[in-house]
Amino acid sequence: MMKKYIYLFSLQSILLLSCTQPNQKPILVVDRDSLDIGTINFNDSARLQFFLANGGDALLEIKSVGTSCGCSEAYFSDSIINPGASVELRVGYKATDTGHFKKHIVIETNADTIYKTLVFTGRVK
């Protein structure tokens with residue numbers, strides 16, 4: 001009988017503690033998912049920016065940032081974003097072909113949604 005009370009007390013304590021501790025998570029918030037950079041000339045370069053913020057209550061870690069081709073590169077200033085803070089993601093693009101284009105930037109983080117894809121489009125004349 002005593003074992004039963006100890007078990008119930010232990011179970012009740014675990015449930016109570018799990019309800020009182022917040023489930024802290026990072027949340028990636030991006031100022032925009034896509035950007036049209038308009039028309040640029042062949043062999044010209046374009047620079048654009050996105051802002052990445054942490055809308056959660058735990059540290060957000062940017063594990064990697066990749067681009068869809070060698071004609072674009074992405075840079076960010078800090079791989080750890082504190083809750084409520086933001087960083088600038090700078091993207092450079094070199095127009096190596098003419099016509100309309102659509103390029104992707106993939107961000108890997110420690111948030112629940114691990115991958116976030118951003119898009120930029122435009123036209124090269």
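User: In which strand is the place of Tyr115?

Analyst: This is a predicted model, in which local features need pLDDT of at least 70, side-chain atom pairs count only at pLDDT 80 or more, and totals for chains, interfaces and linings use all residues. Helices (H or I, at least four residues) and strands (E, at least two) are DSSP runs, numbered from the N terminus. Tyr115 lies in the strand made of residues 115-124, which is strand S9.

User: Is Tyr115 buried or exposed?

Analyst: A residue is called buried under 20% relative accessible area, exposed over 50%, and partly exposed in between, using a 1.4 Å probe and protein chains only. Because its relative accessibility is 51%, Tyr115 counts as exposed.

User: About how much accessible area do Val106, Ile114 and Tyr115 have together in their nonpolar patch?

Analyst: Patches are made of residues with over 30% relative accessible area and no salt bridge, where like charges are joined within 9 Å and nonpolar side chains (Val, Leu, Ile, Met, Phe, Trp, Tyr) within 5 Å. A salt bridge here is a side-chain nitrogen of Lys or Arg within 4 Å of a carboxyl oxygen of Asp or Glu. Areas come from the Shrake-Rupley method with a 1.4 Å probe, and for residues only the protein chains shown count as cover. For Val106, Ile114 and Tyr115, the accessible area together is about 270 Å².

User: How many bridges join S4 to S8?

Analyst: Strand S4 (residues 60-67) has two bridges to strand S6 (residues 80-81), running antiparallel, with Glu61 opposite Ile80 in S6. S4 also runs antiparallel to strand S8 (residues 99-109), and Val65 stands opposite Ile107 in S8. The number of bridges that join S4 to S8 is five.

User: Is Asn54 buried or exposed?

Analyst: Asn54 is found in strand S3 (residues 45-54). Not counting residues up to four places away in sequence, Asn54 touches Pro26, Ile27, Leu59, Leu60, Ile81, Asn82, Pro83, Gly84 and Ala85, where contact means heavy atoms within 4.5 Å. Because its relative accessibility is 2%, Asn54 counts as buried.

User: What distance separates the C-alpha atoms of Asn82 and Asp57?

Analyst: Asn82 has its place in the loop between S6 and strand S7 (86-94), and at 44% relative accessibility Asn82 counts as partly exposed. Leaving aside neighbours within four places in sequence, Asn82 is in contact with Asn54 and Leu59. Asn82 and Asp57 are 25 residues apart along the chain, and their C-alpha atoms are separated by 8.2 Å.

User: What share of the 125 residues in the chain is buried?

Analyst: The secondary structure of the chain comes to one helix and nine strands, and the chain exposes about 8,100 Å², of which carbon and sulfur atoms supply 53%. Among the 125 residues, the buried share is 27%.

Note on methods
Residues numbered from 1 in each chain as written. Heavy atoms only, no water. Pairing = 2+ DSSP bridges.
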